[in-house]
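Biologist: I am new to this structure, and I would like to understand what lies behind the words used to describe it. Could we go through some of them together?

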Amino acid sequence: MNRAPGPSVRLKLALSYAGFLMVAAVLLLAAVWLFLLRYVPDRAFLIAGATDTPTKGVFPVRSNLLHVFAPRAALVLAFLLVFGLVGGWLLAGRVLAPLTRITEATRLASTGSLAHRIGLPGRADEFRELADAFDTMLARLETHVDEQRRFAANASHELRTPLATSKALLDVARTDPDPDIAGIIDRLHVVNTRAIELTEALLLLSRADQRSFTREHVDLSLLAEETTETLLPLAEQHGVTLETSGTAAPTSGSPALLLQLTVNLVHNAIVHNLPEGGTVRIDTRGGAGVVLLTVDNTGGHLPPELVATLTEPFQRGTARIRTDHAGVGLGLAIVRSITRAHDGTLTLSPRAGGGLRVTVELPAAAP
């Protein structure tokens with residue numbers, strides 16, 4: 001925004017300090033006049049019968065005091081004006097020095113440099129709280145931008161694969177004198193379905209990141225039951241037993257997104273499980289101001305360094321069982337985005353006996 005140039009804040013503060021000092025001086029001189037000089041007589045007078053206290057020299061009268069007092073008072077006011085301006089200018093510069101550093105950091109951030117930090121030293125005050133908040137914002141923004149860049153690169157790579165496969169199939173069909181039309185159509189159908197699933201996952205992830213939803217009252221225990229009923233056929237197909245337990249867990253958020261979160265967690269727990277005899281446990285709990293959704297699944301042993309990367313887009317647990325239902329690699333990334341959009345926390349930890357435990361902690365709904 002283009003603004004007309006105006007006086008600096010430092011000049012305004014210096015003038016304010018000098019003005020306040022002048023007002024205080026004038027009030028002090030006025031007090032001297034009202035409460036001291038007014039009791040000095042206008043002319044000398046004699047007290048009849050007072051022979052024991054003779055007056056030595058000239059008796060001070062009001063006109064003489066004013067003649068002596070006024071020029072010196074003017075000099076004092078002039079000195080205080082200069083002192084107030086100079087001292088106010090220096091004091092304002094010292095007070096506003098942190099603001100200058102904050103402004104410089106803001107200008108650097110506007111050019112795209114997000115690695116700079118203000119790092120104001122000293123004890124807490126308004127400027128340092130502002131600087132700390134700005135540093136925190138820059139750190140989060142830098143992390144978000146890095147995640148978006150990685151996500152865009154990974155998404156481009158993942159989308160290029162089905163498109164390249166489709167192009168190869170069409171090229172083969174065009175050059176083959178006797179193409180297998182039915183087989184090509186089936187393979188194109190599979191590739192197209194994967195591309196659609198990937199696109200829908202990307203849209204859902206973008207919606208969660210933008211927080212473009214209306215908050216409603218949601219009970220996670222009901223979502224867990226609905227998810228169990230929906231994914232029961234898939235669990236039976238993989239030989240996995242679903243177990244649901246817990247109590248009511250009321251929270252506030254988007255029912256559709258929270259249902260998608262629960263479905264993704266249970267779907268991952270079913271798909272990445274033991275080949276036979278696997279178990280998935282879904283538990284919901286309500287605590288002091290928070291609600292918990294925990295999904296445990298059996299499976300192979302997962303190293304902690306692998307678990308730490310599972311919420312990244314297009315990262316899959318390669319040490320786990322891979323099937324045709326392994327998804328597009330956005331399941332836990334979507335869960336993390338939905339959890340953040342609902343001001344919650346997501347925790348992943350490997351189980352001692354193998355498998356993974358995922359805990360979603362969300363704020364409890366107001367009663």
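This is a predicted model: local features need pLDDT of at least 70, side-chain atom pairs count only at pLDDT 80 or more; totals for chains, interfaces and linings use all residues.

Biologist: Why is L85 called partly exposed?

Modeller: L85, which is found in helix α2 (residues 62-110), has a relative accessible area of 34%. Buried means under 20% and exposed means over 50%, so L85 with its 34% falls in between and is called partly exposed. Leaving aside residues up to four places away in sequence, L85 touches A14, L15 and A18. The C-alpha atoms of L85 and A14 are 5.7 Å apart in space, although 71 residues separate the two in sequence.

Biologist: How do you know whether L169 is buried or exposed?

Modeller: The relative accessible area of L169 is 8%, and since the cut-off for buried is under 20%, L169 is buried. L169 is found in helix α3 (residues 126-175) and touches I184, R187 and L188, not counting residues up to four places away in sequence.

Biologist: Which residues of α5 and α6 meet?

Modeller: Among them, L220, L223, L231 and L234 in α5 meet a group in α6 that includes L258, L259, V263 and I270. By class, this contact of α5 with α6 has 11 nonpolar, 3 polar and 1 charged residues.

Biologist: What makes the largest nonpolar core, and which members touch the most others?

Modeller: A nonpolar core is a set of buried residues of kinds such as Ala, Val, Leu and Ile, joined through side-chain atoms within 4.5 Å. The largest one here has 44 residues, of which L220, L265, I270 and V280 touch the most other members. Its largest share, 7 residues, comes from helix α6 (residues 255-271). I270 touches L231, L234, A235, H238, V240, L242 and V280, when residues up to four places away in sequence are not counted.

Biologist: What makes helix α8 mostly covered?

Modeller: Of the 11 residues in α8, 9 are buried, among them L332, I334, V335, R336 and I338. As buried means under 20% relative accessible area, each of these 9 residues lies under that cut-off.

Biologist: At what angle do α6 and α8 pack, and which classes of residue are in their contact?

Modeller: α6 and α8 (residues 331-341) pack at an angle of about 145°, with their axes 9 Å apart, and their crossing is left-handed. L257, L261 and L265 are among the residues of α6 in this contact, and I334, V335 and I338 are among those of α8. The residues of the contact of α6 with α8 divide into 8 nonpolar, 5 polar and no charged.

Conventions:
Residues are numbered from 1 along each chain as its sequence is written. Side-chain values use heavy atoms; hydrogens and water are left out. Buried means under 20% relative accessible area, exposed over 50%, partly exposed in between (1.4 Å probe, protein chains only). Helices (H or I, at least four residues) and strands (E, at least two) are DSSP runs, numbered from the N terminus. Contact means heavy atoms within 4.5 Å. Ala, Val, Leu, Ile, Met, Phe, Trp, Tyr, Cys and Pro count as nonpolar, Asp, Glu, Lys and Arg as charged, and the others, Gly among them, as polar. Axes are lines fitted to C-alpha atoms, for helices over the stretch in contact, and angles run from 0 to 180 degrees between N-to-C directions. A crossing is left-handed if the near helix is turned anticlockwise from the far one by less than a right angle, and right-handed if clockwise.
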